Amino acid sequence: MLAICIECSHQRGMGHLFRALNLIGALKKKGKKEGTDYMLLVNRDETALAILKKQGVSPRVVNLTDQDADWEGALIREAGITVWLNDRLDTTRESAAHVKAAGCRLYTIDDMGEGGALADGNFASLVFTHTKEIPGKQVYRGCRYLILNPEIAAYRRLRTKSEKILVTLGGSDTYGVTLMVIEFLKRRRRERDGRGAVLPGQQTALAEHEGAEEITILLGPGSILYGEAKEALRGTDFSLVSSVPSLPAFFAAFDFAITGGGVTAFEAAASGLPCMIIANEYHEVQIGKYLESQGCAVFAGYYKEMNLSRIHEVSDVTAMSRRGMETVDLAGADRICQIVL
């Protein structure tokens with residue numbers, strides 16, 4: 001039995017939840033051959049529980065804040081869990097120690113907490129900094145261990161134009177960055193309309209088709225910004241969408257995206273969708289810099305000091321699209337299953 005333990009909240013976001021769903025899909029596929037069984041553990045978050053119910057997944061709700069009761073050990077013995085996978089970022093030493101004391105193999109994802117040091121393996125797919133040692137007895141580092149939605153494979157395509165722009169700042173958008181981007185795009189549209197032509201030096205890929213440019217704002221399932229976003233878009237021709245059944249399928253209609261610096265940026269790259277990335281959390285800065293270094297994105301910076309005008313530096317969406325698909329593959333979940341099982 002494999003236990004997947006995740007943490008979700010408006011503050012933490014929904015990325016861990018969707019990553020778990022993608023991993024569960026890979027486990028089910030593998031389980032047909034090997035009889036693999038799993039249990040999903042999650043804190044009580046009503047948004048997360050509603051998504052899981054819609055997906056037909058029945059989780060076990062646990063109290064992740066309880067560091068003393070050793071609920072982990074009790075659950076391991078009750079359910080016969082042999083492998084425990086944490087996707088909670090900064091795991092505490094107490095929680096990790098409970099799992100190990102119960103005789104369970106412990107793996108963790110992108111974990112820089114004290115508990116990560118006790119893990120048998122740490123899948124550091126989103127840790128690109130070289131200034132801090134990654135904890136774990138064995139560190140599996142890099143994009144090879146990204147857990148991405150397998151649906152992306154059906155929608156990958158090379159972009160050759162830039163007429164349709166998508167803004168998607170995560171499942172929760174904790175800091176309301178979407179509203180800041182909307183104001184920037186409104187100013188950009190007014191400046192374009194006012195000058196009647198592209199200014200010298202701004203004949204970029206995203207300016208060549210400005211006359212036909214379409215902008216769509218996508219709010220994630222954990223967002224509470226719908227009312228404010230709708231008001232901010234009053235008088236514009238921008239579209240507003242709240243949550244979608246399939247993000248890869250939705251991506252397929254767009255030529256360029258403005259995204260957060262989490263897993264969504266990698267999903268866009270794997271889809272062949274060029275991006276401008278904004279770091280919603282400080283640890284996402286390294287992700288934005290990495291994807292820019294690979295040639296598939298431009299990095300606008302941390303949201304408190306972002307430079308959205310970097311969108312004017314995009315000059316070749318076709319090259320960016322190609323580099324994204326070359327940089328990020330879709331086999332990470334299978335690689336992790338092979339290791340933990």
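Analyst: The open sheet

The chain holds twelve helices and 13 strands; helices (H or I, at least four residues) and strands (E, at least two) are DSSP runs, numbered from the N terminus. This is a predicted model, in which local features need pLDDT of at least 70 and side-chain atom pairs count only at pLDDT 80 or more, while totals for chains, interfaces and linings use all residues. Residues are numbered from 1 along each chain as its sequence is written, and side-chain values use heavy atoms, with hydrogens and water left out.

Seven strands make up an open sheet with parallel pairing, in the order S3-S2-S1-S4-S5-S6-S7. Two strands pair if DSSP finds at least two bridges between them. Strand S3 (60-61) and strand S7 (139-141) are at the edges with a single partner strand each, so one side of each has no neighbour in the sheet. Strands of a sheet pair through backbone hydrogen bonds, either parallel or antiparallel.

Within the sheet, strand S1 (residues 2-6) pairs with strand S4 (residues 83-87) in the parallel sense, over five bridges. Ile-6 stands opposite Asp-87 in S4.

Now the chain around the sheet. Of the contacts in the chain with a separation of 6 or more, 60% are accounted for by residues 24 or more positions apart; contact means heavy atoms within 4.5 Å. Along its principal axes the C-alpha trace spans about 70 × 40 × 40 Å. Of the 341 residues, 55% count as buried, that is, under 20% relative accessible area (1.4 Å probe, protein chains only).

Key
Buried means under 20% relative accessible area, exposed over 50%, partly exposed in between (1.4 Å probe, protein chains only).
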